[in-house]
Amino acid sequence: MTINLKVWRQEGPDKPGRLVPYIVEGVNPDMSFLEMFDLLNEVLILKGEEPIEFDSDCREGICGSCNMVVNGIPHGPQKGTAVCQLHMRHYKDGDSIVVEPWRATAFPLIRDLVVDRTAFDRIIAAGGYVSVNTGSAQDANNIAVEKERADRAFDFAACIGCGACVAACPNASAALFTSAKIAHLSLYPQGEPERNRRVVRMVEQMDKEGFGDCSNHGECEASCPKAISISGIALMRREYMKAMLSS
Amino acid sequence: MSENIITDPMLDSKAPSGKLEEKWSNFLNTTKLVNPNNKRKHTVLVVGTGLAGASAAASLAELGYNVRSFCIQDSPRRAHSIAAQGGINAAKNYPDDGDSVWRLFYDTIKGGDYRARESNVYRLAQISNSIIDQCVAQGVPFAREYGGLLANRSFGGAQVSRTFYARGQTGQQLLLGAYQAMERMIDAGKVTQFSRREMLDLVVVDGKARGIITRNLVTGELERHMGDAVLLCTGGYGNVYYLSTNAKNSNVTAAWRCHRRGAYFANPCFTQIHPTCIPVSGDYQSKLTLMSESLRNDGRVWVPKKPGDSRKPDQIPEEDRDYYLERKYPSFGNLVPRDVASRNAKEMVDHEKGVGETKMAVYLDFADAIKRVGEHVISERYGNLFEMYEKITGDDPYKVPMRIYPAVHYTMGGLWVDYNLMSTIPGLFVLGEANFSDHGANRLGASALMQGLADGYFVISHTLGNYIASTELPKVDTARPEFADAENESRARLTTLLSIKGEKTVTQFHQELGHIMWDYVGMARNREGLGHAMTEITRLREEFGRNLRVPGSPDTLNKNLEFAGRVADYMELGELMARDALQREESCGGHFREEYQTEEGEAQRDDEKFGYVAAWEYTGANQTPVVHKENLEFEFVKLTQRSYK
Amino acid sequence: MNTHSKLLAGLTSQVGRKILTGVTGFVLVLFVIGHLSGNLSLLKSDPNAFNGYARFLHSFGAFVYVIEVLLTLVILTHAYIGISIALRKKEARKQGYEMYRSKGGQSKQSISSRTMVYTGTILLIFLVIHIIQFRFGAGISAGYITTLNGEEARDLRRLVVEVFQNPGWVAFYVGVMILLGFHLRHGIWSMLQSLGAMRPRYTPVIYGIALILGILLAVGFLLLPIWLYIYGGAAV
Ligand SMILES: Cc1cc2nc3c(=O)[nH]c(=O)nc-3n(C[C@H](O)[C@H](O)[C@H](O)COP(=O)(O)OP(=O)(O)OC[C@H]3O[C@@H](n4cnc5c(N)ncnc54)[C@H](O)[C@@H]3O)c2cc1C
Ligand code: HEM
Ligand code: HEM
Ligand code: SF4
Ligand code: F3S
Ligand code: FES
């Protein structure tokens, strides 16, 4: 089938960008969305044009590299699906698709669809860990963790750090990403001793990076390929209040 | 090439003496230590942030070393380890089903078809338990029982339940644990992270690894980094086959450049082909997806009895189906090890019994299991895998049997290292999948994660300390000619790639290379095919040098340029893999030479002649490499022929 | 940092700000519910039902002033943070999308959620007018006097009724009340989420309740001017 694409092209952070139309022919319904881009890029290279730069790695929805806003929706229309797992069988011959990068001041654009998401690493560095030096751990079964609690923690730990939550959020807020790590670790007994310091520092860092505030639009949860629940954001706020009151 | 094995003096494994169970503690008791105050005077370059790299960076920084960490992706958390699904082994014996350090060691050595070093594998089994402790303390959400304690499951090649898992995302959770530990050290100022960097060369000064050249993938700048040691944790090279379950950025470049600088490459032909992957659907396909091995616990593998039968699966009656694994291996049935299952699937397809549109697949059928235990139980066990399968293929595996086919998954070969994980270049250590150390000719499920973390968390801190404490490491600075030379060579290589301006894209070359490798250096190999592969690769390399087209410029983000460099290295590696496979005139583990099989068509080892590690030395461009042999001595286990009948 | 400034730093952070909008929003919602239930006495046939209620409120003396000052602070804080959040949002995404859509599903994005700052700002303007109009409007000195239990009291009802004889005012009030409904449709759910009261199981319920409560409050309020306009304050 043939797909009419409009793709955001921008040579560099300080260069102007624009949507450029492309007609991609010979798209197979079994192709993934990124494979359609591979196909287009091959054609572009052979025509002597510059291919479209985009990030991807695992192509199975777990590394969090891929980031395309497809017709106004980060990762596209399928529920719980990263764009690398989106397949062309959901489109019809002749469909028009607009593709843009994540847009947020805290995710500066590098080139075309590639953005810089290192702000997320710095948020984790501010406290998204348990301080346990290698070798100092006790036997793994010394602390029992209620299964239901562990399962709930896992739901938050499943975050792949893709940034779709920020991209989807009308405020460009990183609340869902930040809260996912806070929720995971504060639900675990192992994370208990550092919980106050963790939430305060991570929130501080999130502010510093220039992400917007969370106004509870919940768009992040809808776009999250791992369907991380915004109840994590509520939990983060409870943790935060506890931390403030106990200081 | 089949003369008696002479142990190469260059390849001293440096395994400590003593009883198997005492070797590691003997090492620890006698190792030289670095004074805590001196540790901060040393800089260690850690290339790669997968399980091996991230855990090494974190542990070394905790001890006080200054660490510089590098990765290709935009964040260290995206290293390929993130994609591992099934689990991680440890000899905890929580289920009390008879597991022990010895048994884990023995299963691993046997699973590897007796082509790994006893001392290393035993150490791995000893350390396995501490890994679980460490990860749990970090908050890794392993699966738990209702009582709140850790759950285990069983995996191929073992008769005990020793696999710890975190849903179908074990690699992700373990990597995030290590990544977070590393980020903590970044916050503490002990680790400096360099993301979107590709290592293009190793800098050797006075015979020791003292630095690396990286390309900043955003600006294209070449950068020089100096250190007292280099840790290569850059993963496996499965992408030499173009299609594999590896992530798109997985590559051999870092390891290959070290090889060209003098590090020996060991057993390059040992690759693992995983039996249960989603089959290729067309030429456009960029990557293959693994379906966890655990599916074979409930799924039955079959093909039509009649070649060329193109009826839909539900129209093929029971009597026209061949459940070939159950037929041929009555005692293990669908649960035979990976290499056996893969080879049999290929055999069926070769006999034109393949299914699906491409005829390059076999069925994995859950109808009986659903009838037996109900759809909800199956969905509980494999729900997320079924969903993933449906996303990719559009078929519902609850209704139609899955189509599966083997795919390249893991590479047991890698840079040769001694017991200290040090390569033949002093100061260059190799960890994780990038080295060859622990899995012999075939890796058991759930033991790559174990090895990566053992190397990174628990081995390297001691062996590196020993090296630093016992080695003269005079200050060098990056203005030295060795750095300049390496940088210039890297630049020249990039300029060449861009200047060919031919008619074929990098992907086209990579696909072609992949076809050659898959057809002739894949699941079944023979002398003629391997020879053919070598000529074909030589031809392809020649064409690459003349007809490659890389768009864009060197001083911006340019993924085609990155890939071009990697494919160039893959072609050289591919040739070496074929050469290595040709040299190994036996079948063992993932290496199946058609000339060497038993009457029933099973792999036939030749311990007498090939009980060694083949470590290749690079002798210059277009020169024939030289093979060095490390004799594998089995002091503690008895070698037996594997049988799964 | 001492505890004091730590708390302050905490409240000015992103999460702190949300907690403050949540708390102030909560107070305002309670006030509005109370205000509506009091105002409903305008519908009673006894004209003094409402005046009595007003007098009852003012009988608390100085305490009333304290409450009024606090309420003003609450409104100002709420408005200040609300507007500053909206301004920060522009900073956080300087380059906007060419095409942007809600994914639906679990999303709580709606016209109501996207227009909080506009409905809010109009409410702020409304409040200034409203308070001048009624709280500081014609009183005893202007001859708006009634007798309650034999004592002289302000005939607030007369003022209200008079204002709502003017179709312009009626339209203005009805319009603002609709916007209030929109503000509360997202606001009520949002404040509970902001205060961390949300658990996954309750989310859909609370989100539904916010809708119903928003509609009830808006309809309750806008009935008053319409009713007073039609019936001129006469008891039916
Ligand atoms: C789909 C799949 C499922 C798997 N499931 C399991 C499982 O269940 N259990 C199990 O035990 N094993 C499993 N494995 C195997 C296991 O995941 C890998 O062997 C292991 O994760 C490798 O880890 P690593 O740290 O050695 O390397 P990787 O995780 O591959 O990391 C490599 C790192 O090196 C960096 N790098 C590479 N080249 C360069 C360069 N030139 N310059 C700079 N940086 C570079 C990369 O950026 C990356 O950070 C699975 C593998 C696959 C493909
Ligand atoms: C005075 C003028 C007002 C302004 C400028 C204003 C503005 C805002 C804004 C912008 C928000 C969204 C905050 C965010 O995006 O996170 C908000 C939330 C809210 N507003 Fe208002 N508002 C005003 C008055 C009111 C009134 C009168 C009420 C109640 C009747 C009210 C109730 C709420 C509630 C409950 C919330 C949700 C709080 C939260 O999300 O934590 N607001 N307001
Ligand atoms: C039709 C609807 C309304 C009517 C008839 C009405 C009527 C009144 C009256 C008569 C007063 C004066 C009370 C006094 O001085 O004792 C008053 C005060 C006030 N009203 Fe309303 N009101 C309406 C809607 C609203 C709404 C929607 C809000 C808020 C969003 C609001 C907020 C206030 C405030 C803050 C005061 C001042 C309270 C005080 O100072 O004690 N009103 N209202
Ligand atoms: S919360 Fe969801 S959308 Fe946000 S980074 Fe994590 S996985 Fe991506
Ligand atoms: S969409 Fe944005 S406003 Fe909050 S609930 Fe999600 S971060
Ligand atoms: S490429 Fe890894 S999540 Fe999409």
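Let me start with one residue pair: Glu617(B) sits opposite Val626(B) in strand 21 of chain B. Strand here means a DSSP run of E with at least two residues, helix a DSSP run of H or I with at least four, both numbered from the N terminus. Strand 20 (residues 612-617) and strand 21 of chain B are joined by six bridges in the antiparallel sense; two strands count as paired if DSSP finds at least two bridges between them.

Before going on, some housekeeping. This is a predicted model, where local features need pLDDT of at least 70 and side-chain atom pairs count only at pLDDT 80 or more, while totals for chains, interfaces and linings use all residues. Residues are numbered from 1 along each chain as its sequence is written, chains are lettered from A and ligands numbered from 1 in the order in which they are written, and side-chain values use heavy atoms, with hydrogens and water left out.

Axes are lines fitted to C-alpha atoms, for helices over the stretch in contact, and angles run from 0 to 180 degrees between N-to-C directions.

Staying in chain B, let's look at a hairpin. Strand 7 (residues 208-216) of chain B pairs with strand 8 (residues 222-226) of chain B, antiparallel, over five bridges. Ile212(B) is opposite His225(B) in strand 8. Five residues separate the two strands of the hairpin, and Gly220(B) in the turn has a positive phi of about 80°. Lys208(B) lies in strand 7, and its contacts beyond four places in sequence include Ile425(B), Pro426(B), Tyr467(B) and Glu472(B). From Lys208(B) to Lys190(B), 18 residues apart along the chain, the C-alpha separation is 24 Å.

One more stop in chain B, a helix pair. Helix 3 (residues 51-63) and helix 6 (residues 170-187) of chain B pack at about 35°, with axes 8 Å apart. Among the residues making the contact are Ala54(B), Ala58(B) and Ala61(B) of helix 3 and Leu174(B), Ala178(B) and Met182(B) of helix 6. By class, that contact has twelve nonpolar, one polar and two charged residues. Nonpolar covers Ala, Val, Leu, Ile, Met, Phe, Trp, Tyr, Cys and Pro; Asp, Glu, Lys and Arg are charged; the others, Gly among them, are polar.

How do the chains meet? There are two pairs of chains in contact, and chains A and B share the most contacts. Chains B and C have no contact, and their closest C-alpha atoms are 19 Å apart.

Now chain A. Its open sheet has five strands in the order 2-1-5-3-4, with mixed pairing, and the edges are strand 2 (17-24) and strand 4 (73-74) of chain A. Strand 1 (residues 3-10) runs antiparallel to strand 2 of chain A, joined by eight bridges, and Trp8(A) stands opposite Leu19(A) in strand 2. Helix 1 (residues 33-46) of chain A lies across strands 1, 2, 3 (69-70) and 5 (96-100), at about 75° to strand 1.

Finally, chain C, with nine helices and two strands. Its C-alpha atoms fill a box of roughly 60 × 45 × 35 Å along the principal axes.

Which residues coordinate the iron atom of ligand 3? They are His35(C) and His130(C), each through NE2, at 1.9 to 2.1 Å. Donors are N, O and S atoms within 2.8 Å of the metal (3.2 Å for Na, K and Ca); water is not among the atoms, so sites may look incomplete. The site is octahedral, with angles of 88 to 180° among six donor atoms. Six donors count as octahedral if opposite donors are over 155 degrees apart and all others between 65 and 115. Because His35(C) is in helix 2 (residues 14-39) and His130(C) in helix 6 (residues 116-135) of chain C, the pair ties together parts 95 residues apart in sequence.

The iron atom of ligand 2 is coordinated by His78(C) and His183(C) through NE2, at 2.0 to 2.1 Å.

Methods: Contact = heavy atoms within 4.5 Å. Tetrahedral: all angles 85-135°; square planar, octahedral: opposite > 155°, others 65-115°.
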